[in-house]
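This report describes selected features of one protein structure, from side-chain contacts to cores, a pocket and backbone geometry. Please consult the sequence and the model shown here while reading.

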Amino acid sequence: MQDPNVRPESMKRITTEELARAFIEEQVASIRAQVGKGKVLLALSGGVDSSVCAALISKAIGSRLCCVHVNHGLLRKGEPEQVCRVFGEQFDVNLIYVDAVDRFLDALAGVSDPERKRKIIGGIFIEVFAEEARKLEGIKFLGQGTIYPDILESKDGIKAHHNVGGLPEDMKDFELVEPVKLLYKDEVRVVGKALGLPDSMVYRQPFPGPGLGVRCVGAITRDRLEAVRESDAILREEFAKAGLEGKVWQYFTVVPDFKSTGIKDGKRTFAWPCIIRAINTVDVVEVTPEYLPKELIETLVRRITTEVPGINRVLVDYTPKPPATVEYE
Ligand code: XMP
């Protein structure tokens, strides 16, 4: 019998809207058959995989899909609003938005060790999600945006299979609904496009689970976190204007926890630097820097130092991986 976690050799690569539509139809029927009159719970981060998964399940069972969007305060500018707009208005789902910003940032205050930061973020995320799940009644299914590389990597012991291992005891019996688990990332994007998700969601660059938390190096403070978020928004805007959106694999800003002197309006400043990182890769094992046009760097330096409070210097990181990793923590 065919192993449900192995992509059949006969499965066509989804490269066109027509193939995506056929896949959507097939999955809608299969989700309906699996779930019957039941309800599905899904943690919706707003990333490509969970968004496509949510859109597919919503197409199959409408508001019997309960999506929980946890705002941990470490999302990019405009992301929580986009999730609420798309899934609150465009799709028929029961969307539960949880503002847990204070809870996360209070727990992270004073914590500078990167692995502890990650553990705190992951741990509170599961707690908040489980609390919301317990408020809902009669849910037996858990939707997950697992994609094929996740299955291959967890088989090889490279990465734990999503959140299943971290779920509280009372949620471990939930039956999984994973409609995109046999798809590669590019196929998930084609399906997302056919489902009508906005391009900014479908072609989103990779974003780490701990979000901007790993880009606010060291112990996170609210003001430095805002400097990361604002500079990231400017960077994305200027990359789009320069026609680099979708052409560079990943680009972001980092604000480290040290200050240097500068001058503003004739007065001395003592403020953080903002580091720009833009990289290209095929497999994330090896990464090369994207060398930025001089005019773009000039614009970024000007805008970030004038528009972002607390920043008086901009640095560009052109280090490949190895020896550096993509993220700073
Ligand atoms: P590194 O820094 O390991 O990053 O070279 C490789 C890719 O993985 C992303 N990344 C993460 N993604 N949780 C995630 O979901 C994480 O903790 C995490 N750390 C790094 C990173 O953005 C890059 O694309």
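## Asp317 and its surroundings

The side chains of Asp317 and Tyr328 make a polar contact at 2.5 Å; such a contact is a pair of N or O atoms within 3.5 Å, where, within protein, one atom must be able to donate a hydrogen and the other to accept it, and residues adjacent in sequence count only if both atoms are side-chain atoms. The model is predicted: local features need pLDDT of at least 70, side-chain atom pairs count only at pLDDT 80 or more, and totals for chains, interfaces and linings use all residues. Residues are numbered from 1 along each chain as its sequence is written, and side-chain values use heavy atoms, with hydrogens and water left out.

Asp317 lies in strand β10 (residues 311-317); helices (H or I, at least four residues) and strands (E, at least two) are DSSP runs, numbered from the N terminus. With a relative accessible area of 10%, Asp317 is buried. Here buried means under 20% relative accessible area, exposed over 50%, and partly exposed in between (1.4 Å probe, protein chains only). Apart from neighbours within four places in sequence, Asp317 is in contact with Ile275, Ile276, Arg277 and Tyr328, contact meaning heavy atoms within 4.5 Å.

## Nonpolar cores

A nonpolar core is a set of buried Ala, Val, Leu, Ile, Met, Phe, Trp, Tyr and Cys residues joined through side-chain atoms within 4.5 Å. The largest one has 53 residues, and those touching the most other members are Leu41, Phe104, Met171, Phe239, Leu300, Ile304 and Ile311. Helix α5 (residues 114-135) supplies the largest share of this core, 9 residues. A second, separate core of 38 residues includes Phe23, Val40, Leu44 and Ile147. Beyond its neighbours within four places in sequence, Leu41 has contacts that include Cys66, Val68, Phe129, Met171 and Phe174.

## The second largest pocket

The second largest pocket holds about 420 Å³ of space. Of its 19 lining residues, Phe23, Glu26, Gln27, Pro179 and Leu182 are the closest to its centre. Pockets are found on a 1 Å grid over the protein atoms alone, as open sets of points where a 1.4 Å probe fits, with protein on both sides within 12 Å along at least five of seven lines; lining residues have an atom within 4 Å of a point. Grid points are joined across faces, edges and corners, and the volume is the space filled by probe spheres set on them. The helix α1 gives the most to this lining, with 8 residues. The lining divides into 12 nonpolar, 3 polar and 4 charged residues; Ala, Val, Leu, Ile, Met, Phe, Trp, Tyr, Cys and Pro count as nonpolar, Asp, Glu, Lys and Arg as charged, and the others, Gly among them, as polar.

## Backbone geometry

Most residues other than glycine have a negative phi, and most peptide bonds are trans.

| Site | Backbone value |
|---|---|
| Lys321 to Pro322 | cis, omega near -15 degrees |
| Pro322 to Pro323 | cis, omega near 10 degrees |
| Asp265 | phi near 50 degrees |
| Val284 | phi near 65 degrees |

Pro322 is placed in the segment after β10. Asp265 is in the loop between β7 (260-264) and β8 (267-281) and is exposed, at 74% relative accessibility. Val284 sits in the loop between β8 and β9 (287-289) and is partly exposed, at 32% relative accessible area.
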